[in-house]
Amino acid sequence: MREPFIVFEDVGKAYPGGVTAVRDLSMQVAQGETVVLLGTSGSGKTTTLKMVNRLIEPSGGRITIGGSNVMGQDPIALRRGIGYAIQHIGLFPHMTIADNIAVVPKLLNWTPGRIEERVDRLLNMVGLPPAQFRARYPAQLSGGQRQRVGVARALAADPPIILMDEPFGALDPITRDQLQNEFLELESAIRKTILFVTHDVFEAVKMGDRIALLDEGRLQQLATPSELVERPANAFVDSFLGRHRFQLALLTRTIGGLLPHTPGAALPPPPAERCGGAVLSPRNSLIEALDTFKRTGQTVLSVVDRDGYRGDLAKSRLLNEVAQVLSETGNVV
Ligand SMILES: Nc1ncnc2c1ncn2[C@@H]1O[C@H](COP(=O)(O)OP(=O)(O)OP(=O)(O)O)[C@@H](O)[C@H]1O
Ligand SMILES: [Mg+2]
């Protein structure tokens, strides 16, 4: 694993009045990794997130970032170095979009020129053309556009860490999907360390390198999406995945395992006229492969990775695998 960056050691949060929101949480988040905090309402996700930037102080244990305890740092300075995006973004209504995004860079005394350049770049990145949007006020934006501004603002000062609490919540499924995809693209370019809160298992599987599943303040499993789906650690995890298990397996299983085993050198390339240029990657999920077959109308597709041609996959082989997954997960969605 890459070097741990954010480390939770036996972290707990008990509120006065007897609610224990988080218990004995130990986990490590690597530099550049996205860990999704997943769980039902009240499981302790927001509390866990807010302890990282000290909006909430732990009542036990330790959180370190790059080796230094967050409790030893000035909370205001700490927060300037950590991007934070939440569902109801809390944009300042009397400030333009540009000024909203520029809040932290201004606090950090960036020059006006640098701030302007950064704001325009971020607006372009989140798909809001600056000429059209920088001078508007939050009330003149749709909900989805405001969420984009929230993401831009979290990235504004180029912090190494971003905390996101249901940042795409309260959006229609299509806009949500689009924002998720855009963020994934963005994220692969910027490689931040991200803690991302959601209660939606599909969003967790899509966004997370790893998923931390919480229940009643306890960490139930910390695993990659495919490990979580294929090897639930306990009965709680199993029941949490519940009736979604078939769909989740189609999303997390890749077609790599369906290829003929070819040790050593790559195979010779397939005939050039094959499939009009459409190819699969061994890292494609079963769902993605099904989509590609549907889109192209082919019955056989070539599989290609960075090292070259890996072999062919027949649609019939893929459908067999889907049937196999269905029988293993034992239910129909
Ligand atoms: N200030 C507080 N005082 C007392 N209890 C609190 C306080 N804030 C949160 N809690 C309790 O702590 C538990 C965890 O809350 P938290 O906000 O972390 O949950 P969550 O997983 O983010 O839930 P949701 O999905 O609904 O946002 C809940 O039982 C909640 O009622
Ligand atoms: Mg919450």
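The expected span of a helix is 1.5 Å times one less than its number of residues. Helices are DSSP runs of H or I with at least four residues, numbered from the N terminus. This is a predicted model, where local features need pLDDT of at least 70, side-chain atom pairs count only at pLDDT 80 or more, and totals for chains, interfaces and linings use all residues. Residues are numbered from 1 along each chain as its sequence is written.

**Helix H14**
- H14 covers residues 315-329, and its 15 residues should span 21 Å at 1.5 Å a residue; the end C-alpha atoms are 21 Å apart, which agrees.
- Leu-318, Glu-321, Val-322, Val-325 and Thr-329 of H14 are buried (under 20% relative accessible area, with a 1.4 Å probe and protein chains only).
- Down the axis of H14, these buried residues fall within an arc of 100°, so they line one face of the helix; the arc is that of the directions from the helix axis to the C-beta atoms.
- Ser-316, Asn-320 and Ser-327 are exposed, on the face of H14 turned away from its buried side (exposed means over 50%).

**Ligand 1**
- The residues that surround ligand 1 include Tyr-15, Thr-40, Lys-45 and Glu-166 (a heavy atom within 4 Å).
- Helix H1, residues 45-52, gives the most to this shell, with 3 residues.
- A nitrogen atom of ligand 1 is 3.3 Å from an N or O atom in the side chain of Tyr-15.
- An oxygen atom of ligand 1 is 2.7 Å from an N or O atom in the side chain of Lys-45.
- An oxygen atom of ligand 1 is 3.0 Å from a polar backbone atom of Gly-44.

Definitions and conventions. Chains lettered and ligands numbered in written order. Heavy atoms only, no water. Polar contact = N/O pair within 3.5 Å; in protein donor to acceptor, adjacent residues only side chain to side chain. Helix = DSSP H or I, 4+ residues; strand = E, 2+ residues; numbered from the N terminus.
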